[in-house]
Amino acid sequence: MQNRIIAETGTSAYGGHCAALRFSGKRISVLPGLPEIGSVFSEEVEKLNSGFPMLGKTMLYSSPMKSIEEQILELKKERGAIIIAHNYQVDEVQAIADFTGDSLELSRKAAQLTEEVIVFCGVHFMAETAAILSPEKTILIPDPHAGCPMADMITAEKVREIKAEHPGAKVVCYVNSSAEVKAESDICCTSSNAVDVVKSLGNVEVIFVPDRNLGAFVAERLGKKLILYNGFCPTHERIRDVDVLKLMEKHPDAPVLAHPECSEPVRNLADELLSTGQMCRRAKESTHKEFIIATELGINYRLRTENPGKKFYPVNPDRAVCPNMKKITLEKILWSLQDMKHRVIVPPEIADRAAGAIQRMLAV
Ligand code: 13P
Ligand code: SF4
């Protein structure tokens with residue numbers, strides 16, 4: 001089968017049909033739609049034949065129809081890879097992942113994994129954190145453009161400026177930040193451990209970057225004044241208190257679970273402020289049968305599937321969608337495994353300093 005072009009047809013993540021040509025196991029061309037094998041395909045093969053004269057006599061074979069999920073699972077095994085996904089990923093990505101979790105759970109998991117290849121379905125700073133913790137592993141992000149606008153709101157230079165204005169203060173940096181910013185920080189935190197991390201520093205002045213909302217939540221919890229930076233999550237800012245109130249009126253027995261990245265008016269209406277992982281646990285343990293959920297829409301996949309007897313009412317489901325989290329699709333996961341792309345590499349001089357801040361967080 002070495003010198004033969006194989007034609008495969010399958011179903012795309014969007015439910016449509018697609019077809020691909022492979023040579024020696026490598027995808028060499030993808031055709032959208034369902035082409036007539038024998039017409040469009042043979043034309044395509046002819047084109048390829050002229051481009052690959054070394055093939056001599058090429059033959060076209062049609063392999064049995066495989067779903068995109070089957071192809072991913074097959075290739076994952078072949079590559080010795082594991083797929084991990086954040087709780088905000090689209091439903092089908094969460095469904096195919098070996099592990100789903102919040103930022104802290106994903107960092108811990110990535111550090112413990114024995115697999116050589118990790119396909120990280122989340123935004124760039126998350127994959128970068130995994131790469132910093134496991135420099136010997138291959139960390140792949142299916143779409144390198146899946147960034148985080150909050151992380152882009154602060155630079156290492158800005159952190160140095162703030163530190164110069166507050167000599168002696170410790171810098172606590174939310175993991176939603178670049179490796180360069182982490183390298184300038186004393187310790188990292190996520191939404192699930194931010195209170196404990198700041199508490200662990202004792203009676204010292206604290207600069208908290210970049211999320212003003214998570215920082216204000218920590219300050220309130222600890223009754224401590226923090227030096228806050230003015231960063232925020234645009235997705236969580238779109239969740240409105242008026243819409244939380246409407247749902248509260250409609251479902252008076254449902255507690256409001258909100259993410260601490262939400263704005264102050266929304267935080268003030270919440271019964272509990274929780275990371276996405278904490279929300280999943282609370283929904284399972286609670287005796288309540290319905291909940292109002294104020295965070296990114298993707299979390300509802302886990303809430304629904306893990307609690308079939310309970311009801312979840314997302315606030316602003318049309319607006320509380322993080323476009324970057326949604327950039328990862330099943331097709332991109334497949335291509336990522338096929339081409340071993342896009343590898344996340346952090347320069348060692350930055351990675352070493354950033355690792356210190358992340359390790360100190362993991363030790364809290
Ligand atoms: P957690 O999943 O850690 O709660 O974080 C939410 C988030 O916004 C990640 O980008
Ligand atoms: Fe960044 Fe907000 Fe998207 Fe999380 S939800 S990745 S904080 S933009």
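Hi everyone, let me start with a pair of strands: strand 9 and strand 11 (residues 206-209) run parallel and are joined by 4 bridges. Strands here are DSSP runs of E with at least two residues, helices are runs of H or I with at least four residues, and both are numbered from the N terminus. Two strands count as paired if DSSP finds at least two bridges between them.

Before I go on, a word on the source: this is a predicted model, where local features need pLDDT of at least 70, side-chain atom pairs count only at pLDDT 80 or more, and totals for chains, interfaces and linings use all residues. Residues are numbered from 1 along each chain as its sequence is written, while chains are lettered from A and ligands numbered from 1 in the order in which they are written.

Back to the strands. Lysine 170 has valine 206 in strand 11 as its bridge partner. Strand 9 also pairs with strand 10 (residues 187-189), again in the parallel sense, over 3 bridges. There, valine 172 is partnered with isoleucine 187, and tyrosine 174 with cysteine 189. Put together, we get an open sheet of 4 strands in the order 10-9-11-12, with parallel pairing. Strand 10 and strand 12 (227-228) are at the edges with a single partner strand each, so one side of each has no neighbour in the sheet.

Zooming out, the protein has 16 helices and 16 strands, and buried residues make up 41% of its 364 residues.

Now to the core. As a general point, nonpolar side chains tend to be buried together in soluble globular proteins. A nonpolar core here is a set of buried Ala, Val, Leu, Ile, Met, Phe, Trp, Tyr and Cys residues joined through C-beta atoms within 7 Å. The largest one has 93 residues, and those touching the most other members are Ile118, Phe120, Val209, Ala294 and Ile333. Helix 5 supplies the largest share of this core, 7 residues. In helix 5 (residues 124-133), 10 of the 10 residues are buried, so the helix is largely enclosed by the rest of the structure. Its buried residues pack against several elements, including helix 4 (103-112), strand 7 (117-121) and helix 16 (348-363). By contact I mean C-beta atoms, placed from the backbone, within 7 Å. Leaving aside neighbours within four places in sequence, the contacts of valine 209 include Val171, Cys173 and Tyr229.

Next, another parallel pair: strand 15 (residues 290-294) and strand 16 (residues 311-314), with 4 bridges. Glutamate 290 has lysine 311 as its bridge partner in strand 16. Histidine 251 lies in the loop between helix 11 (241-250) and strand 13 (256-258). What does histidine 251 touch? Not counting residues up to four places away in sequence, histidine 251 touches Glu290, Ile292 and Tyr313.

Last, the ligand. The shell around ligand 1 holds 14 residues, and Asp102, Ser103, Ser191, Ser275 and Thr276 come nearest; near means a C-beta atom, placed from the backbone, within 6 Å.

Notes: Buried ≥ 20, exposed ≤ 12 C-beta atoms within 10 Å, placed from the backbone. Contact = placed C-beta atoms within 7 Å.
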